[in-house]
Amino acid sequence: MIKITLPDGSVKEFEKATTPMDVAKSISEGLARNVISAKFNETIVETTTPLETDGTLTLFTWKDKEGKTAFWHSTSHIVAQAIEELYPGVKLTIGPAIENGFYYDVDLPNGSISEKDFATIEKKALEIARGKHDYKMRAISKADALSFYKEQGNEYKVELIENLEDGTITFCDHDTFTDLCRGGHIPNTGIVKAIKILSVAGAYWRGNENNTQLTRIYGISFPKQKELTEYLALLEEAKKRDHRKLGKELELFTFSQKVGQGLPLWLPKGAALRERLENFLKKAQKKAGYEMVVTPHIGQKELYVTSGHYEKYGEDSFQPIHTPKEGEEFLLKPMNCPHHCEIYNTKPYSYKELPKRFAEFGTVYRYEQSGELHGLTRVRGFTQDDAHIFCTPDQLDAEFKNVIDLSLYVLGSLGFENFTAQVSVRDLDNPEKYIGSVENWEKAEQAIINAAKEKGLNFIVEPGEAAFYGPKLDFMVKDALGRQWQLGTIQVDYNLPERFDLSYKGSDNELHRPVMIHRAPFGSMERFIALLLEHTGGNFPLWLTPEQAIILPVSEKHEKYAEKVLKSLENNEIRALVDSRNETVGKKIREAEMAKIPFMLIVGENDEADNTISVRRHGGEDLGAISIATFTDLVNTEINSTLKTF
Ligand SMILES: [Zn+2]
Ligand SMILES: [Zn+2]
């Protein structure tokens, strides 16, 4: 008999060679129907793998990440079989599951695959899936595995097998198809009910551009057709909301090959929007006791040697800037923290003067591989809404709560309601990985957990995820499409105060080390605006949006009146403009809709006579003819309903 421990801690005895599926059946028939993958002692196994020793077993269904991985990887075998049948002579290479779906890289010596072939591949793959073929793993000797693929003339699989140890090699069979595979499959192909080929792209064998270029086929699959339909609708919507597309349409930012990849250029409307966001945070920060500082974009290499950043990132980042003077080297700043430590160091502090909170919208530069760059979410130069709080260990608790309050205020004012937090703490089994005293760590971790609890955050604690220099809390938000993004972070740091020899005089008249908190509620301006664009689809909250209203005179005759309306809106601090082009009102409305301007104010004969404006909301709601004062009230009420005071 063997003892199997389940995730709830219960231990059950089974005959030797029991399979995960047998264990599932012993729990309930319902579970057995839904189990598609399993993990035994940290190793992913088949649901049919005989369990020979005592151990811990986790069963996965489609709802689990591991279940999806097995599902999608298994589908890649089905699609590979379909391609082998449709494209004789194709050479298969690798087919892993990815975050959303799977891909298979293939070499097509006689032909190519394009979008028009997708439907045929899908049809064939579904036919195979419907055959309900079991996935069967079998061990094979290295010699046999090599001769199998040598016979096929598949040099890719041969290369993969040559790098494997004899005795560890397995094949997976289903139907008439065989693939070199480590395992991790669903029970049979019949569970896959919907398959979609999403795209094809070029990919070099083993990611090396000196190697053959292969065809990468991306796809996704689901246990229900309905789920595929929903996924495709979501993809469509995500495409419409892509921040790169919206940023261009709304004239917020651009990139120039001449300026350089990954270096965003903010256009006037985007720059103004950024400024509004910055001012919004500055105002709240001021109330929360922060002081603004300004530091340069470069710093001596020595500064980053002291901070440890050079040792950690120096090799893979922008290289030092040299001056005409021999041996003088500067780095583009990758972080603002070292500069802020030096600001702290300009004078001695007593504990009574702490905390000090230095804030800066600091632009930093980090080298990202060109293939990694993506719109505003992965760039080489970006501005952090950064601040560093220097406090005594006793103040940490209260400071952390204040930062959470500020972060929640920021997220609330921008319409994010769906967020969770992750608290990253030490790995207690490896204390040597961390610097700072055990006592301080315990205090800090407890402070973060207490603060998260007290603020009613929905949070999880992740042991082992803390940085070596301190624990942290990260905010994760879900956007309107349910996609998760990591945003602001709050980190406790014992390392930099040590490296920069920071101190304060305690009540005992001795010098002590302050604790440092790094925090950025937006994360970075670039990333935040990208997220905001995708979350709102470009329909920003009224307080933030570029133009709040556009005045549309029905004819040239009413232009003067339109200008008068504009003046009076401007006096009430409403951002508006007049569309005086010689176009029909219908066309102007359509374009204003495209530009996502919240209010269209149409002015004609009656409006001019009655001193009113005819208000149409973005999306089509007609608010009728109202006075400018009524409209101003309406705008202010709406703004105040989202933008609370901090
Ligand atoms: Zn496989
Ligand atoms: Zn920092």
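Visitor: Before we start, which residues count as nonpolar, charged or polar here?
Guide: Ala, Val, Leu, Ile, Met, Phe, Trp, Tyr, Cys and Pro are called nonpolar, while Asp, Glu, Lys and Arg are called charged. The others, Gly among them, go down as polar.

Visitor: Thanks! How does the lining of the second largest pocket divide by those classes?
Guide: Bear in mind that we're looking at a predicted model. This pocket holds about 1,500 Å³ of space, and 49 residues line it. Sorted by class, they come out as 18 nonpolar, 17 polar and 14 charged.

Visitor: Which element gives the largest share of the lining of the second largest pocket?
Guide: Several elements each supply at least two residues, including helix H11 (309-313), strand S21 (381-391) and strand S25 (484-493). The largest share is six residues, and it comes from S25.

Visitor: Now the largest pocket: which residues lie nearest its centre?
Guide: That pocket has a volume of about 2,100 Å³. Its lining is made of 44 residues, and by class these are 19 nonpolar, 10 polar and 15 charged. Nearest the centre are Glu99, Asn100, Tyr231, Leu235 and Arg483.

Visitor: And which helix gives the largest share of the lining of the largest pocket?
Guide: Look along residues 225-240. Nine residues of the lining come from there, the largest share, and the helix is H7.

Key. Residues are numbered from 1 along each chain as its sequence is written. Chains are lettered from A and ligands numbered from 1 in the order in which they are written. This is a predicted model: local features need pLDDT of at least 70, side-chain atom pairs count only at pLDDT 80 or more; totals for chains, interfaces and linings use all residues. Side-chain values use heavy atoms; hydrogens and water are left out. On a 1 Å grid over the protein atoms alone, a cavity is a set of points where a 1.4 Å probe fits but cannot get out, and a pocket is an open set with protein on both sides within 12 Å along at least five of seven lines; lining residues have an atom within 4 Å of a point. Grid points are joined across faces, edges and corners, and a volume is the space filled by probe spheres set on the points. Helices (H or I, at least four residues) and strands (E, at least two) are DSSP runs, numbered from the N terminus.
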